[in-house]
Amino acid sequence: MKVVSLEPGGWRDACLARLCAAVHGTTAGLTPLVAFSGTRHLLFANEAARLWALVDDNEAPLALALLVLDEAGDGMTLALSASLGESREPRRRLIRELALNAPLRIEPADDLDEAFLRGCGISRWIEDARGLRVGLSRRHPVHASGELAATLAFDEQEVLRRFKHDARFFEAEKRAFVEGLEACPGRAPSP
């Protein structure tokens, strides 16, 4: 197994679709599609996000993680992550590798509690501007609560408005999402 950064193209888009579906669920209305479309057309297009995968010996992804830059450009936030199987171990291994090598910021959630994140190597904890605990990797440059820059994001309502007013765009995004779900986690295409 190894950790790889997924390069722009159809395979990255397919893996992004799988990640959005894994995190938001396939029955969550338009939420997975909005996350998919906004990430592709806004974050990826502006080089504000990277998609990482823990892959097996056949290059099939076992876990995926989306990292998004902060406004200062010094740190990255784990925006989305998931194991693609039943075990959480691939996700733990991927996050641990990213925490060792990236200036990572992680906000605990129901499926990423502090104990799990500590097992991933997140050992520094501070409060953000909202008073919530945030985990930082050793490589993250921030040392005090007031220094955390906001994570770059896109306006989900703007993506929804574009879906509503541009039927062709909506259909193209829906098709790309469904085709991505069918392609990933299948084998990566040969170069």
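**Helix contacts, sheet and pocket**

Modeller: Start with two helices. P32, L33, F36, S37, R40 and H41 in α2 meet F169, F170, E173, K174, A176 and F177 in α6. "Meet" is contact, that is, heavy atoms within 4.5 Å. By class, this α2 and α6 contact has 7 nonpolar, 2 polar and 3 charged residues. Ala, Val, Leu, Ile, Met, Phe, Trp, Tyr, Cys and Pro count as nonpolar, Asp, Glu, Lys and Arg as charged, and the others, Gly among them, as polar.

Modeller: The model is predicted; local features need pLDDT of at least 70, side-chain atom pairs count only at pLDDT 80 or more, and totals for chains, interfaces and linings use all residues. Residues are numbered from 1 along each chain as its sequence is written, and side-chain values use heavy atoms, with hydrogens and water left out.

Colleague: Why are α2 and α6 called roughly perpendicular?

Modeller: Their axes cross at roughly 100° and come within 10 Å. Axes are lines fitted to C-alpha atoms, for helices over the stretch in contact, and angles run from 0 to 180 degrees between N-to-C directions. Under 35 degrees is roughly parallel, over 145 roughly antiparallel, 65 to 115 roughly perpendicular, and the rest oblique. So α2 and α6 are roughly perpendicular.

Colleague: What makes α2 and α5 roughly perpendicular?

Modeller: α2 packs against α5 (residues 156–165) at about 100°, with the axes 10 Å apart. Therefore this pair is roughly perpendicular too. L33, V34, S37, G38 and L42 of α2 meet E156, V159, L160 and F163 of α5. That contact has 6 nonpolar, 2 polar and 1 charged residues.

Colleague: How do you know that β1 and β6 are edge strands?

Modeller: The open sheet has 7 strands, in the order β1-β2-β3-β4-β5-β7-β6, with mixed pairing. β1 (2–5) and β6 (124–127) each pair on one side only. Strands are DSSP runs of E, at least two residues, and helices are runs of H or I, at least four, numbered from the N terminus.

Colleague: What makes β5 and β7 a pair?

Modeller: Two strands pair if DSSP finds at least two bridges between them. Here 2 bridges join β5 (residues 104–106) to β7 (residues 133–136), running antiparallel. R105 has L136 as its bridge partner in β7.

Colleague: Which residues lie nearest the centre of the largest pocket?

Modeller: L66, V68, L78, A79 and L80, among 25 lining residues. The lining divides into 15 nonpolar, 6 polar and 4 charged. α1, α2, β3 and β4 each supply at least two of the lining residues.

Technical notes: 1 Å grid on protein atoms, 1.4 Å probe; cavity = no way out; pocket = protein on both sides within 12 Å on 5 of 7 lines; lining within 4 Å.
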